[in-house]
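Student: I would like to learn how to read a structure like this one. Could you take me through it feature by feature?

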Amino acid sequence: MKYIDEFNDPDLAKRLLDDIHATVTRPWALMEVCGGQTHSIIRHGIDQLLPSQVELIHGPGCPVCVTPLETIDKALEIASRPGVVFCSFGDMLRVPGSGKDLFRVKSAGGDVRVVYSPLDALKIAKENPEKQVVFFGIGFETTAPPNAMTVHQAKRLGITNFSMLVSHVRVPPAIEAIMTSPTCRVQGFLAAGHVCSVMGTQEYPALAERFEVPIVVTGFEPLDILEGIRRTVKQLEEGRHELENAYARAVPAEGNPAARAMLADVFEVTDRAWRGIGVIPGSGWRLSEAYREFDAEHRFSVEGITTQESSACRAGEVLQGLIKPHQCEAFGKECTPRNPLGATMVSSEGACAAYYLYRRLGGTPAPAREAAPVG
Amino acid sequence: MCLAVPGKVIEVEDRDDTRMAKVDFGGVVKDVCLAYLPDIAVGDYTIVHVGFAISKLDEASALETLALFESLGIMDEEFGDQWGRAAAEAGAERPAGTEPVETRS
């Protein structure tokens, strides 16, 4: 087993793998909906250690990758305007919009800044009252509470030169969309651990019941992922379809009640387009009426921007698990981390980037990372 | 930004009526908001996502995860020089004014 020595507890990894091998009797397709898990799986070759009957489908779990092209174009438009300080997480810098990205906006003289936390953007707004400071609020349920708190603070402290371009997404409606798709092959889900740290697990039993699909809350480390797979396969082999929590050390059943209360105050559920996939009903959050004044789309009048996605990029099919990244004709040719056609090739969590960095198929060995380690 | 990283609370204070902490992530110290985990105290370990503590974690699990993240270069991805990485990946010059600020203690 070529990668197993790299696990932090190779003996436990071997026991978990032996158990999975002993349990499985027929083919099963499991989906993880978390970019962190996707990268861990590819980086450690977990999919190659599993029995051939167990297939892992890499779902739309990277928030950077599913942020719609249209929203990226709105961000680029706002960031290019004079008097604006545009703050973003570093992952968004090279996500391609229709013609450029935030990195190029910065190189052309735009005031784009990378922040570690949305509160850093609020601090910049407080210190620069003559500027309009905008934060790019993307992410799943884990990132939404920090962004919600930041808008709440802006309102409470009267920091009116702050606004947020909001593109939050929610996992349960995505699971519903995947399960109701006519091309769906998914028979079990690994649910994202940190999403559940915030939201708890109560949204999932009804989905497990309705679609007769096991859902196992799973962590990010290789051993956590093996345990999540082991429990999902066990349920499938026993004909069960339940919600199980395999990441209880970080996921209480009720999640984080304070964070959930803040989400309910600052955001409201809305339909949201997912890049490459299209609109999924009820799958997003936008600012609620009480906080609408902090909505950057409205403040900068960019609601009218609409854009078409490139047909050469098959990221949508990758995100739905219909093809693996290397099955896209552009993979590793026109589309590389240096010249990405889609977001999945850029983000450190994207499935295409994971395949490119750790497993370049088609004869050439995986290249060294283009970026030197930094820090 | 997608990951949540465990760290140790080394200082707690109230700032603008919000409970804030300094959290040590294996040598990198960051300001972290405790609004969603108000009962956490100095010496505790917590999982932090984009500057917010989201859940408590036992010390053994936290140290194990930190060591793993460090060995995989994930700590640098999270806390390192984002502009430098983007420039290297783009094969382009680093934009003016994006030189890294030293954050390691």
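Student: How many residues of domain 2 of chain A are in contact with domain 3 of chain A, and how many of domain 3 do they meet?

Tutor: Before we look, keep in mind that this is a predicted model. Here, 8 residues of domain 2 of chain A are in contact with 10 residues of domain 3 of chain A. As for where these parts lie, chain A is divided into domain 1 (4-63 + 172-245), domain 2 (67-169 + 255-299) and domain 3 (315-358).

Student: What kinds of residue does domain 2 of chain A bring to the side that touches domain 3 of chain A?

Tutor: That side of domain 2 of chain A divides into 3 nonpolar, 2 polar and 3 charged residues. For the spacing, the centres of domain 2 and domain 3 of chain A, taken over C-alpha atoms, are separated by 25 Å.

Student: Let us turn to helices. How do I describe a packed pair?

Tutor: Two packed helices are described by the angle between their axes and the distance between the axes. Take helix α1 (residues 10-23) and helix α12 (residues 222-237) of chain A: their axes come within 10 Å and cross at roughly 20°.

Student: What does that angle say about how α1(A) and α12(A) run relative to each other, roughly parallel or roughly antiparallel?

Tutor: Angles under 35 degrees count as roughly parallel, and so α1(A) and α12(A) are roughly parallel to each other. The crossing of α1(A) with α12(A) is left-handed.

Student: Which residues make the contact between α1(A) and α12(A)?

Tutor: From α1(A) come A:Leu12, A:Ala13, A:Leu16, A:Leu17, A:Asp19, A:Ile20 and A:Thr23. The residues from α12(A) include A:Leu223, A:Leu226, A:Ile229, A:Arg230 and A:Val233. Taken together, the residues of this contact divide into 10 nonpolar, 1 polar and 5 charged.

Student: Which residues does each helix give to the contact of α8(A) with α13(A)?

Tutor: α8(A) gives A:Ala144, A:Pro145, A:Ala148, A:Met149, A:Val151 and A:His152, while α13(A) gives A:Ala259, A:Met262, A:Leu263 and A:Val266. By kind, these residues divide into 9 nonpolar, 1 polar and no charged.

Student: What about loops? Is A:Pro337 buried or exposed?

Tutor: A residue is buried if 20 or more other C-beta atoms lie within 10 Å of its own. A:Pro337 counts as buried because it has 23 C-beta neighbours inside 10 Å. This proline lies in the loop between α15 (315-319) and α16 (351-358) of chain A. The C-alpha atoms of A:Pro337 and A:Ala353 are 6.8 Å apart, although 16 residues separate the two along the chain.

Student: Now for chain B. What pattern does chain B follow along the sequence?

Tutor: Chain B follows β-β-β-β-β-α-α-α, which comes to 3 helices and 5 strands. Of its 105 residues, 48% count as buried. The C-alpha atoms of chain B fill a box of roughly 45 × 35 × 25 Å along the principal axes.

Student: Where in chain B does B:Asp16 lie?

Tutor: B:Asp16 lies in the loop between β1 (5-15) and β2 (18-25) of chain B, and B:Asp17 lies in the loop between β1 and β2 as well. Look at the backbone here: phi is near 50° for B:Asp16 and near 65° for B:Asp17. Each is a positive value in a residue other than glycine.

Student: Are B:Asp16 and B:Asp17 buried or exposed?

Tutor: B:Asp16 counts as exposed because it has 10 C-beta neighbours inside 10 Å. B:Asp17 is exposed too, with 8 other C-beta atoms within 10 Å.

Student: Finally, how many residues of chain B are in contact with chain A?

Tutor: 40 residues of chain B are in contact with 44 residues of chain A. The largest share of the chain B side, 8 residues, comes from α3(B). By kind, the residues on that side divide into 20 nonpolar, 11 polar and 9 charged.

Technical notes: Residues numbered from 1 in each chain as written. Chains lettered and ligands numbered in written order. Predicted model: local features only at pLDDT ≥ 70, side-chain atom pairs only at ≥ 80, totals over all residues. Contact = placed C-beta atoms within 7 Å. Helix = DSSP H or I, 4+ residues; strand = E, 2+ residues; numbered from the N terminus. Nonpolar A, V, L, I, M, F, W, Y, C, P; charged D, E, K, R; others polar. Buried ≥ 20, exposed ≤ 12 C-beta atoms within 10 Å, placed from the backbone. Axes fitted to C-alpha atoms, helices over the stretch in contact; angles between N-to-C directions. Parallel < 35°, antiparallel > 145°, perpendicular 65-115°, else oblique. Left-handed = near helix turned anticlockwise from the far one by under 90°. Domains from an automatic or database assignment.
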